[in-house]
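Thanks, everyone. Today I want to walk through side-chain contacts. Here is the model.

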Amino acid sequence: MVCGTRPELIKLAPLLRHFGQDAALVYTGQHYDRSMYSQILDDLPEPGRFHEFAVGGVGRGAQLSQAVRVVDEVLRAFGAGAVLVQGDTTSALAGALAANANGVPLVHVEAGLRSHDRAMPEEHNRVMIDHIADLCCVPTELNRRNLLAEGVAAERIALTGNTVVEALDAALPDSDEQQAVLDRHGLAVDGYAVATIHRPENVDDRSNLETVLRELARLPLPVVLPLHPRTAKRIAEFGLGHVLAGLTVVEPQAYPAFLALARGAAVVVSDSGGIQEEVSVLKRPVVVVRRSTERPEIEGTFGTLVTPDRLHAEVLHWLHDIPGHRTRLARIPSPYGDNSTSKLIAMAVERLVAHAPALAAP
Ligand code: UDP
């Protein structure tokens with residue numbers, strides 16, 4: 001398995017648990033700020049081998065070429081029956097290209113997502129990975145249809161659900177620990193919002209970033225903001241530190257602590273992909289601050305897509321009748337499947353490998 005960011009580690013954990021000592025993990029270091037991933041690494045099931053690199057902190061092209069090179073070296077040295085990549089990052093694309101160059105069967109976990117937004121590098125990464133993958137594991141029927149519409153052969157697609165459901169189930173603290181997390185921040189269930197903002201469209205543009213922060217700060221309840229390193233950097237560069245005064249700014253949270261915060265929140269505000277999925281398991285509403293989404297499955301039920309200037313109004317909508325929304329959302333099943341995803345992916349991988357000779361180590 002090849003990955004390089006926090007969300008990939010989170011979502012690959014159920015597969016690592018499944019494959020155990022048969023799995024090797026290559027971490028490229030695309031996320032190089034340890035606050036983002038060290039806790040997750042600590043909680044990961046131990047793979048048979050772990051290779052850690054540091055390709056982060058450079059431009060996207062250099063990162064891609066360095067990551068391809070390091071994954072290529074690992075594949076040449078150790079061989080692999082298959083390479084699994086998850087999602088849409090530069091690291092996932094690098095793993096895919098290195099597998100392809102070495103003739104190793106490639107599996108794309110979380111395949112078939114499309115935002116149809118060509119300004120997003122992630123959209124290009126997804127399309128490229130899907131089209132060279134030997135096996136595309138799609139979370140939903142919509143994802144399967146996206147691939148069929150692009151001419152991907154049905155035999156290369158397996159409908160599996162998303163590993164996020166198992167990842168969340170394994171990491172969600174029990175109710176006492178959830179309460180302890182809220183107590184640490186002086187929060188009461190349903191009495192606050194939690195927000196995560198890190199996408200370039202929101203944080204690399206001064207005006208958008210200021211609007212998002214101001215809209216959050218004028219909400220009529222405390223807003224907990226685990227500050228992504230990229231966002232912290234931009235806030236400092238743009239001189240927007242003073243806007244943070246109205247928010248409860250905290251470090252990036254360990255995954256279980258973040259889930260506890262999301263579960264207790266009246267509403268979640270986010271531009272993250274994974275959080276859009278997680279709210280459908282936690283049964284909480286999310287206001288998605290983005291111009292497009294590759295996860296339309298939750299639109300109109302758990303989430304609504306808004307531009308930065310609509311953030312405040314949309315949150316107010318969810319704050320009206322919180323118990324009513326809770327009851328309604330609790331009845332809606334997650335579109336991302338159940339706890340069988342890693343087993344379904346493993347079965348599909350085993351079928352693939354049985355039909356493709358493993359690359360022999362030199
Ligand atoms: N997350 C976390 N700690 C935090 C904020 C988010 O563990 O302080 C988790 C969140 O639950 C989700 C993932 O990180 O599983 C989302 O990562 P990110 O926002 O970096 O990426 P994206 O989902 O947009 O790819």
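Let me start with a definition. Two rings of Phe, Tyr or Trp count as a pair if their centres lie within 6.5 Å, and for Trp the six-membered ring is used. Planes under 30 degrees apart are stacked, those over 60 are edge-to-face, and the rest are tilted. Keep in mind that this is a predicted model.

So, how many aromatic pairs does the structure hold? One. The partners are Tyr-27 and Tyr-37, with 4.7 Å from centre to centre. Their planes make an angle of 35 degrees, and the pair is tilted. Tyr-27 sits in strand β2, residues 24-27, and Tyr-37 sits in helix α2, so the contact ties together parts ten residues apart in sequence. Buried or exposed? Both Tyr-27 and Tyr-37 are buried.

One more ring contact. Arg-49 lies over the face of Phe-78. The distance to the ring centre is 4.1 Å.

Now to charges. Side chains of opposite charge can pair when their charged atoms come close. Searching the whole structure gives 24 salt bridges. I will take three of them.

First up, Glu-52 with Arg-34. Their closest N and O atoms are 3.7 Å apart. Glu-52 belongs to strand β3, residues 49-52, and Arg-34 to helix α2, residues 34-43, so this bridge ties together parts that are 18 residues apart in sequence. Glu-52 is partly exposed, at 38% relative accessible area. Arg-34 is also partly exposed, at 44%.

Next, Arg-69 and Glu-73. This salt bridge has an N to O distance of 3.5 Å. Where do the two residues lie? Both are in helix α3, residues 60-78. They are four residues apart, about one turn of the helix. Arg-69 is partly exposed at 46% relative accessibility, and Glu-73 is partly exposed at 42%.

Then Asp-204 and Arg-234. Here the closest N and O atoms are 2.7 Å apart. Asp-204 lies in the loop between α9 (200-203) and α10 (206-217), while Arg-234 lies in helix α11 (residues 229-238), so the pair ties together parts 30 residues apart in sequence. Asp-204 is partly exposed, with a relative accessible area of 32%. Arg-234 has 16% relative accessibility; the cut-off for buried is under 20%, so Arg-234 counts as buried.

Last item: a network. Salt bridges with shared partners join Lys-11, Asp-88, Glu-110, Glu-123, Arg-126, Glu-277, Arg-290, Glu-294 and Arg-295.

That is my tour. Over to you.

Definitions and conventions: Residues numbered from 1 in each chain as written. Predicted model: local features only at pLDDT ≥ 70, side-chain atom pairs only at ≥ 80, totals over all residues. Heavy atoms only, no water. Salt bridge = Lys/Arg side-chain N within 4 Å of Asp/Glu carboxyl O. Buried < 20%, exposed > 50% of the residue type's maximum accessible area, 1.4 Å probe, protein only. Lys NZ or Arg CZ within 6 Å of the ring centre and 35° of its normal.
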